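I opened the notebook today to record what I looked up about domains and chain contacts. The entries follow in the order in which I made them.

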Amino acid sequence: MANIPEDLHYSKDHEWIKVEGDIGTVGITDHAQHSLGDVVYVELPKVGDRFTSHEAFGSVESVKAVSELFCPVAGEVTEVNETLNDEPEKVNADPYGAAWMIKLRIDGGGEVDKLMNAAEYEDYIKAEAD
Amino acid sequence: MTTPKATTHVTQNEALIFERSQTGRCGYRLPALDVDETPIDELIPSNLRRDDDLAGVPEVSEPDVVRHFTRISTWNYNIDLGMYPLGSCTMKYNSRLNERVARIAGFANLHPLASERDAQGALEVIYELQQHLAEITGLPGISLQPAAGAHGEMTGVMIIRAYLDARDGEASSKRRVMLIPDSAHGTNPASAHLSGFTVKTVRSTPEGQTDLDALRDLCSAGDVAGLMLTNPNTVGLFEKNIREICRIVHDAGGLVYMDGANMNALVGWARPGDMGVDVIHLNLHKTFSTPHGGGGPGSGPCCCTKELEPFLPVPRVVRGGDGFKVDYDQPESIGRVKAFYGNFGMHLRALAYILTHGRDGLREATEAAVLNARVIAEGLTSDYERPFSDPPMHEVVFTDKRQGRKGVNTLDIAKRLIDYGFHPMTIYFPLIVQGAMLIEPTESVGRQEIQQFVEAMRAIAREAQEDPELVRTAPHTTKIGRLDEAAAARKPILRWKPEEKSATA
Amino acid sequence: MLRSVGLESPEELFSTIPADILLTDRLNVPDALSEMELLARFESLAAQNAAALRPSFLGAGAYTHYSPTIIDSLIQRSEFFTAYTPYQPEVSQGTLQAIFEFQTLVCQLTGMEVANASMYDGSTALAEAVLMAERVTRRNKVIVSPALHPEYLHVAETYVAHAGIELQQGGFDERTGLSTFDDAAVDDKTAALVVQSPNFFGCVEDLAVLAERAHRAGALLVVCVTEAISLGLLKSPGACGADIVVAEGQSFGVPVSFGGPYVGLFATRERYARQIPGRLVGVAYDREGRRGFVLTLATREQHIRREKATSNICTNEGLIALAATIYLETMGRRGLQEVAAQCAQKAAYAARKIGELEGFSLPYSAPRFNEFVVRAPAAAEGLLERIADEHNITGGLALSRYSPARANDFLVCVTETNRRSEIDALVAALKSI
């Protein structure tokens, strides 16, 4: 059973975002890290880069797969988790904590409200599995 | 139950050569310099010369080198040892006779820039091989220049692009889509990309065939340059609708490229040229038995229709009035894809293969390759899930679906097969088959060995039920166990460094 | 066996192939030859390759060096030559360890930090280097030295034709024989300068100066080496500041074999490791802590990243890379230095003797390694044909093959395999004509 914290918002691309004021912290879900397997490399953008929702902002690699990371909402990158360069394995160990990936200054427009809550995301991954 | 592995045996613990190096050891001797020596400073000033004294390059004796490579060689599985059923790779027997042919001094010592008149024998070899491959594929235009399958693919796709540019002029810029089935080798999209095409995926039907409706739909957009198709496809089935597939693509103004990786199922029985295919590459290291060499060299001749011939790489080897010629006068050519004439040493071996088999032998080899795959398909159906019911050609795909219920997956089955003395099959390819195991026996295994393989696979299926842990922790009989590939990729160590005691430090 | 799968005739094996495609006639291929007949056939073809059987001073991308006997003996071990790509590390450690040693040796010789498991040859390695330079810099102009091997340039042109890369020609100093790069041309759109050293005309380029020029504009320096033995004597491209080094590894004990199979070397800086084409082998450990080797960083490659891969290469030149590895380890540190020194000395001797001949001159003043251009008093092609016919020597390569303007120029290459008597015979032959 995947770990799905209550206080986060979720995208269909299996990213989570935690919203504090106009800053959103983004990472990939426990379910996503589990399907990827051992993460060996994380490629992240630079501070100041701008992304729209669903736009690829980086990628995450396991030994035999590459997956793109999609921005859950539009915004400008204000911080990047550089520690993942040296310790990509954190993505497997602590996807909602130490392995946060980027912080964004969220553009207005209510995109956050269109994301799923924990219960909806749980249903979504169940539906995907069927 | 794990069998303990050898831990102290000297041949199992051969170090890196750098770790064996001892200052002052020497494994070579040259004749003394027989010209008057000029002070080196007068020839090349010191700022252009090495100042590191080649630090780190090993110093070892000749027996050191021979033992080193002999020892590490024993850690390799190989065709001469037994069945190597790597699907899509056609690991057939590599004749020693062909090795001897390639080493004849008149070939091995022939410089590629020797003048035509001084290299007639070599040009004849190239010309004759071209003729035979044209006959085998039914496609008369041919270049032996590409050095491997992917290189031949790139060449073929560039030919398609050049042809369309010549045919359509400016309008050709609207045709930039290459269709590739979801079951294709990864080299196909990578090669298409190199030629400036974007890739669209054609899905397969549940029966493992190209979906004609999907193909028609994709072709209706009017932007299709061509289709890259493997036939037999990567699930080991002949594309029954190949004529219709070619017609759909041709009607839409595109061309059909065939990946010839699986030609071992067709030689002497059917020809891509007769199916409507426009251009194909062959893998001489698969179908025509040139050795795989631990990952090459290969050779990837590109064969095409008369219509596409002007676009083949330069130079071309042709027959002139008084011998064989190297023809550079091909104004529509895509250009050169490799220096000189391609992997000539492989051309020699492939020609020797064709000549020692002869017309009947080539056909019989194909027959035996398909029959062997058929025996495996029949033999394993009771124990493994076979996702497609059509009879396979020269290779057959199974999955780990039944074993998965016990937590045993394809990787585990492959590793356990090593303990039975076989090289694993190709695993997790094609991507459209979950947990795929692609098995290609080739014609080079006899009935007994096929039966041994089938029995080994069935024994593993039983173990997966009765003792899944045994399978999950395999192999148990090799020098090392499964390696931590994730750790290797996170902190890659890609060379030995002298300042550390060893690469492990 | 047919019966065991319920079939009566071989034709039934091919029942899924539509009847109108199945071949009805036998292939128009000759009947099978026996071993004796086959050898006789090939021996007679080989005998028609006159150039293989006489003393030769041909180089220009393919070099005749001595190959210690153990190389061919070891690469013919079944375990090496009948294995394939080491996809299953537990049963491929021999190949994997050999590749790891190859990567290390390539780094040592080129002065670089990461080397791959091989490319097809030097020419395709160079083309891949040009594509990589564009990926790394996101710039699309590449300036190529006119003293690059013409066939390498031709291959690069084919590879980049649809990649949105513009290849520009750099300058050439007709006095020194060296490449020049105009300050104005090297700008902020320039992805790389591409230079061969020793260059096609045998002249040793000052790579440190060129590296500085490239880096000033934020571009990469791509260095190409066709005569890899020169690395035993010349400063490594890495030590000069090169960013990507490619080389033809044929000189390391591989026969000239009418142009292939050879082996491309490809090396770069650690920071560009994820942009490198081709396979890489790295160290890995099993659960009990034993060291082994695996294919690694595979996500760059076509079987995973498909059209976004760093290259379409799959099969490389494994066995030839092994031959080069065995050569380098057998010759070792001192052997490589000695071979390189002998090449330079013998070439210097030949150049001096030819330069003294009435009517012949050596047009370029730059230092050379083992090749040099000779300007003859008459058309070089005819001259070389006469030397071959009358003196049984292949005296070099007429440069008119690549450039009609160079009708009287020919390129002479001398290696440790050319005895002094051969050099003297060449000089005498030139004198007599």
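**Domains of chain C**

I began with chain C, whose domain assignment gives domain 1 (54-66 + 333-432) and domain 2 (69-327), the bounds coming from an automatic or database domain assignment. I noted that this is a predicted model, in which local features need pLDDT of at least 70, side-chain atom pairs count only at pLDDT 80 or more, and totals for chains, interfaces and linings use all residues. Residues are numbered from 1 along each chain as its sequence is written, while chains are lettered from A and ligands numbered from 1 in the order in which they are written.

I then looked up the spacing, and the C-alpha centres of domain 1 of chain C and domain 2 of chain C lie 27 Å apart. Their contact takes 26 residues from domain 1 of chain C and 25 residues from domain 2 of chain C, where two residues are in contact if their C-beta atoms, placed from the backbone, lie within 7 Å.

On the side of domain 1 of chain C that touches domain 2 of chain C, the elements that give two or more residues are α10 (318-355) and β12 (371-375) of chain C; helices (H or I, at least four residues) and strands (E, at least two) are DSSP runs, numbered from the N terminus. On that side α10(C) gives the most, with 7 residues.

**Contacts between chains**

I next turned to chains C and B, whose contact takes 154 residues from chain C and 162 residues from chain B. On the side of chain C that touches chain B, α10(C) gives the most, with 22 residues.

Lastly, I found 6 residues of chain A in contact with 4 residues of chain B.
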